[in-house]
Amino acid sequence: MSAGTDCPTPLSLVDRSYRKVNVTVMRDDKSEIQEFLKESPNIRKPPRHVSSIRHSVSSAQLAHATEVECDGGIVSSRLPSDSNSTFVPIFRSGSCSEIGSKPYMEDEHICIDNLLEHLGATENFPSPGAFYGVFDGHGGTDAASFIRENILRFIIEDIDFPFCVEKAIKSAFLNADHAFADDGSLDRSSGTTALTALIFGRTLLIANAGDCRAVLGKRGRAVELSNDHKPNSISERSRIEKLGGVVYDGYLNGQLSVARALGDWHMKGTKGSSCPLSAEPELQETILSEEDEFLIIGCDGLWDVMSSQCAVTMARKELMLHNDPERCSRELVREALKRNSCDNLTVVIICFSPDPPPRLEFPKFKFSRSISAEGLNLLQEALDSGV
């Protein structure tokens, strides 16, 4: 979510726009069917795509724009304003981290299902909420550990919190990055990507700097709530080159495989100056509804070997079986290891209901026939024979 000069309120909404496409193919006689098949010799039956599908667990209570990715393509959608909904999310989370094939474990993560209880907050604090984060370190553990321990404090102590949460989060990422650089006891050259999920009521705010990813499970659909900040992506390459950097073989200045990170001060200039390696996060706000069943946040060790839709499909199946987010996160990590992930692995699953996801029921559609029986038979024979 791009932040403008005017700060939206934490509960601001964006109306959803729908696009509906109706396609009708009509063939009335045999000659037209033959001509159609002749012009399209490579027609086959449509392929059946398979959707690209330290432990802790706790629970507590907690709510537009979304990017929906299915392996059949990407569909952009915006959720409708639903201020009258009585939906109240219930937070349950589970996490799993494994070293994988790396010699050192450099990932960190945090799970707080009851933010008010964790902070001992007063009545002036925003509505009950939760906080989660995944931090994928590199060049050592100092940066990931420091950011994990301090990022929430920088958010809630920011002057703009809680009246302008988006601005507070962006400032917190930058201030935490500067504080890390000032800590003389830590290795300034270590770095970390950072993805956080802050929830108040039904409002979910994702902040991402790097290539960790947040994916929402919406009745079986994968809705990506973050962008992977790879140096080769069009927007990041453009930003890097405008600031005097280069992308060589997919690496920022030939050194780093991400375009945004905290730490890595050997690649940055003086504090406050613009440089190709940015610590500024991108933000995405979503208003949770009854359709939103769970959130997956994970480091790139998962997403390197599994698509967003595959992860959602697998997680939903697991939750339907045992309704345990910790076990679900563990199964995703195991599957990634089976697929030969070459990185540390960290996965956090956040459920928004005490109940398992319901079984999906697909509506029955009625189709009016707009092709003759003879034409249908001819087309079926052509498909069966592989013409």
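A pocket here is an open set of grid points with protein on both sides within 12 Å along at least five of seven lines. Keep that in mind as you work through these exercises on a predicted model.

**Exercise 1. What is the volume of the second largest pocket, and which residues are closest to its centre?**

Solution. 
- Step 1: The volume of the second largest pocket is about 370 Å³.
- Step 2: Among its 19 lining residues, Leu-174, Ser-273, Ser-274, Ser-278 and Ala-279 are the closest to the centre.

**Exercise 2. Describe helix 3 by its span, its bend and its neighbours.**

Solution. 
- Step 1: Helix 3 covers residues 142-156, which is 15 residues.
- Step 2: From first C-alpha to last, helix 3 reaches 22 Å, close to the expected 21 Å.
- Step 3: Now look for a bend: there is one of about 40° at Asn-150.
- Step 4: Asn-150 is also one of the buried residues of helix 3, and others include Phe-146, Ile-147, Leu-152 and Phe-154.
- Step 5: The buried residues pack against several elements, including helix 2 (115-119), helix 4 and strand 6 (129-138).

**Exercise 3. Is Val-312 buried or exposed, and which residues does it touch?**

Solution. 
- Step 1: Find Val-312 in helix 7 (residues 308-322).
- Step 2: Its relative accessible area is 0%, so Val-312 is buried, as the cut-off is under 20%.
- Step 3: Leaving out residues up to four places away in sequence, the contacts of Val-312 include Val-215, Leu-216, Ala-222, Phe-294 and Ile-296.
- Step 4: Compare sequence with space: Arg-219 is 93 residues from Val-312 along the chain, yet their C-alpha atoms are separated by 9.5 Å.

**Exercise 4. Where are Asn-253 and Asp-264, and what is phi for each?**

Solution. 
- Step 1: Asn-253 sits in the loop between strand 12 (251-252) and strand 13, and its phi is positive, about 50°.
- Step 2: Asp-264 belongs to the loop between strand 13 and strand 14 (282-287), with a positive phi near 55°.
- Step 3: Asn-253 counts as partly exposed because its relative accessibility is 31%, whereas Asp-264, at 2%, counts as buried.

**Exercise 5. Which peptide bond is cis at Pro-162?**

Solution. 
- Step 1: Go to the loop between helix 3 and helix 4, where Pro-162 lies.
- Step 2: The bond from Phe-161 to Pro-162 is cis, with omega near 5°.

Methods: Residues numbered from 1 in each chain as written. Predicted model: local features only at pLDDT ≥ 70, side-chain atom pairs only at ≥ 80, totals over all residues. Heavy atoms only, no water. 1 Å grid on protein atoms, 1.4 Å probe; cavity = no way out; pocket = protein on both sides within 12 Å on 5 of 7 lines; lining within 4 Å. Points joined across faces, edges and corners; volume = space filled by probe spheres on them. Helix = DSSP H or I, 4+ residues; strand = E, 2+ residues; numbered from the N terminus. Expected span 1.5 Å × (residues − 1). Bend = angle between axes of the 7 residues up to and from the residue. Buried < 20%, exposed > 50% of the residue type's maximum accessible area, 1.4 Å probe, protein only. Contact = heavy atoms within 4.5 Å.
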